[in-house]
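Biologist: I have the sequence and the model open. Can you walk me through them?

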Amino acid sequence: MNFDYELFIIGAGSAARAAAKRATAYSIHVGIAEQVDVGGPCINYGYIAERLMAYAATLKGLFSSAISYGWSEFNSSFDWSKFIAAKTYKIEQLHQVNMKYLQESGVDFIILKVMLVFSIIIL
Ligand SMILES: Cc1cc2nc3c(=O)[nH]c(=O)nc-3n(C[C@H](O)[C@H](O)[C@H](O)COP(=O)(O)OP(=O)(O)OC[C@H]3O[C@@H](n4cnc5c(N)ncnc54)[C@H](O)[C@@H]3O)c2cc1C
């Protein structure tokens with residue numbers, strides 16, 4: 001594999017996306033190596049995943065308040081496995097959006113765990 005890049009980024013989280021965006025605007029050849037999934041913790045189990053859980057949890061309260069605004073009673077129950085499937089689907093969509101963005105910007109994306117090896121020469 002050819003690793004001849006002007007900018008090589010370890011990890012494909014939020015900072016990597018911002019750095020790649022800026023670098024490609026200057027026509028810099030960028031490579032990104034990620035050990036898990038594109039998007040980093042923000043998409044996969046941080047902000048986005050948390051927000052989806054928070055929205056789902058808030059709906060119960062909204063259903064209850066809706067009655068006092070003229071809605072008839074909601075007889076609804078919560079299905080955890082359906083919620084997890086919906087969350088997984090949403091996160092997969094975000095993976096695709098990120099991958100499309102990287103591909104269209106000409107960034108090479110590699111699934112790889114990177115190890116830095118330093119060699120110090122003392123003269
Ligand atoms: C549960 C949770 C909730 C959060 N909620 C919020 C919020 O509401 N608002 C907010 O602003 N921030 C939130 N954050 C913080 C936010 O997710 C981080 O600040 C942000 O992800 C940092 O981005 P980053 O690109 O610097 O690093 P990261 O997103 O951590 O990306 C680093 C990437 O590098 C990869 N990597 C690491 N080592 C290697 C290696 N050796 N080889 C290859 N790949 C490697 C990792 O797999 C990871 O994908 C939350 C974080 C968590 C965990």
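Overall shape

Modeller: Of the 123 residues of the protein chain, 11% count as buried; buried means that 20 or more other C-beta atoms lie within 10 Å of the residue's own, exposed means 12 or fewer, and partly exposed is in between, with C-beta atoms placed from the backbone. This is a predicted model, where local features need pLDDT of at least 70, side-chain atom pairs count only at pLDDT 80 or more, and totals for chains, interfaces and linings use all residues. Residues are numbered from 1 along each chain as its sequence is written.

Biologist: What radius of gyration does the protein chain have?

Modeller: The protein chain has 21 Å, while a compact globule of 123 residues would have a value near 14 Å. The radius is taken over C-alpha atoms, and the globule rule is 2.2 Å times the number of residues to the power 0.38. Along the principal axes, the C-alpha atoms fill a box of roughly 80 × 30 × 25 Å.

Biologist: Which pattern does the chain follow along the sequence?

Modeller: The pattern is β-α-β-α-α-α-β, with 4 helices and 3 strands. Helices (H or I, at least four residues) and strands (E, at least two) are DSSP runs, numbered from the N terminus.

Biologist: How do β1 and β2 run?

Modeller: Strand β1 (residues 7-10) and β2 run parallel and are joined by 4 bridges; strands pair if DSSP finds at least two bridges between them. Leu7 stands opposite Val30 in β2. As for burial, 4 of the 5 residues of β2 are buried.

Biologist: Switching to the ligand, which residues come nearest?

Modeller: Gly11, Gly13, Ala15, Gly40 and Gly46, out of 20 residues around the ligand. A residue is near if its C-beta atom, placed from the backbone, lies within 6 Å of the molecule. The elements giving two or more residues to that shell are α1 (14-25), β2 (30-34), α2 (40-44) and α3 (47-67).

Biologist: Which residues make up the largest nonpolar core?

Modeller: Ile9, Ala12, Ala16, Ala20, Val30, Ile32, Val38, Leu102 and Val107, 9 in all. A nonpolar core is a set of buried Ala, Val, Leu, Ile, Met, Phe, Trp, Tyr and Cys residues joined through C-beta atoms within 7 Å.

Biologist: What does Ala12 touch?

Modeller: Leaving out residues up to four places away in sequence, Ala12 touches Ile32, Glu34, Val38, Gly39, Gly40 and Phe109. Contact means C-beta atoms, placed from the backbone, within 7 Å.

Biologist: Where does Ile110 lie?

Modeller: In strand β3 (residues 108-111). Ile110 is partly exposed, because 13 other C-beta atoms lie within 10 Å. Not counting residues up to four places away, Ile110 touches Gly31 and Ala33. Gly31 is 79 residues from Ile110 along the chain, yet their C-alpha atoms are separated by 7.6 Å.

Biologist: Last one: is Ser27 buried or exposed?

Modeller: Ser27 counts as exposed because it has 8 C-beta neighbours inside 10 Å. Ser27 lies in the loop between α1 and β2 and has a positive phi of about 60°, although it is not a glycine.

Conventions:
Contact = placed C-beta atoms within 7 Å.
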